[in-house]
Amino acid sequence: MKKVDAIIKPFKLDDVREALSAVGITGMTATEVKGFGRQKGHTELYRGAEYVVDFLPKIKIEIVINDEQVDECIDAITAAARTGKIGDGKIFVTPVEKVLRIRTGEENETAV
């Protein structure tokens, strides 16, 4: 099993969710986060004073899936989240050793 973490622009969340559903991925966790990469921050004007916004709002999506689903998951996220502009985000794939469904006690693939 693998865990796919994707950092995307907030307005792309619905598009990504729909794309994942279309390839059969039924569960995910989405969290509002802030960060920066090459995009860095930007300056804003507030009540006549200029200040730097270092961290930009993003959405972090976490998905645990079977190994066979990884490529189509990455393709779906990439196609739905891409705008072609800086700050589109990143995708990280890491191995998952064990999954346990608390309610039933199911483990690993049956718990996903």
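How many helices and strands does the protein have? There are 2 helices and 6 strands, where helices (H or I, at least four residues) and strands (E, at least two) are DSSP runs, numbered from the N terminus. In sequence order they give the pattern β-α-β-β-β-β-α-β. Bear in mind that this is a predicted model, in which local features need pLDDT of at least 70 and side-chain atom pairs count only at pLDDT 80 or more, while totals for chains, interfaces and linings use all residues. Residues are numbered from 1 along each chain as its sequence is written, and side-chain values use heavy atoms, with hydrogens and water left out.

Let's take the overall outline. The C-alpha trace spans about 60 × 30 × 20 Å along its principal axes. The radius of gyration of the protein is 17 Å, whereas a compact globule of 112 residues would have one near 13 Å; the radius is taken over C-alpha atoms, and the globule rule is 2.2 Å times the number of residues to the power 0.38. Of the 112 residues, 27% count as buried, with buried meaning under 20% relative accessible area, exposed over 50% and partly exposed in between (1.4 Å probe, protein chains only).

Now for the sheet. It is an open one of 4 strands, in the order S2-S5-S1-S6, with antiparallel pairing; two strands pair if DSSP finds at least two bridges between them. Strand S2 (29-35) and strand S6 (89-95) stand at the edges with a single partner strand each, so one side of each has no neighbour in the sheet. From one strand to the next, the twist averages 20°; axes here are lines fitted to C-alpha atoms, for helices over the stretch in contact, and angles run from 0 to 180 degrees between N-to-C directions. S1 is joined to S6 by 7 bridges, with Val4 partnered by Val93 in S6. H1 packs on the sheet, where it touches S1, S2 and strand S5 (56-65), and its direction makes about 15° with that of S5. S1 and S5 also pair over 7 bridges, in the antiparallel sense, and Ile7 has Lys60 as its bridge partner in S5. Ile8, for its part, stands opposite Gly89 in S6.

What about the nonpolar core? The term covers a set of buried Ala, Val, Leu, Ile, Met, Phe, Trp, Tyr and Cys residues joined through side-chain atoms within 4.5 Å. The largest has 16 residues, of which Val16, Leu20, Ile63, Cys73 and Ile77 touch the most other members. At least two residues each come from S1, H1, S5 and helix H2 (70-81), and H2 supplies the largest share, 6 residues. Leaving aside neighbours within four places in sequence, Cys73 is in contact (heavy atoms within 4.5 Å) with Val4, Leu20, Ile25, Ile63 and Ile65.

Finally, have a look at two lysines. Lys9 lies in the loop between strand S1 (2-8) and helix H1 (13-22), and Lys12 is found in the loop between S1 and H1 too. Lys9 counts as buried because its relative accessibility is 13%; Lys12 is buried with a relative accessible area of 13%. With neighbours within four places set aside, Lys9 is in contact with Lys58, Thr83, Lys85, Ile86, Gly87 and Asp88. Lys58 is 49 residues from Lys9 in sequence, yet their C-alpha atoms are 5.1 Å apart.
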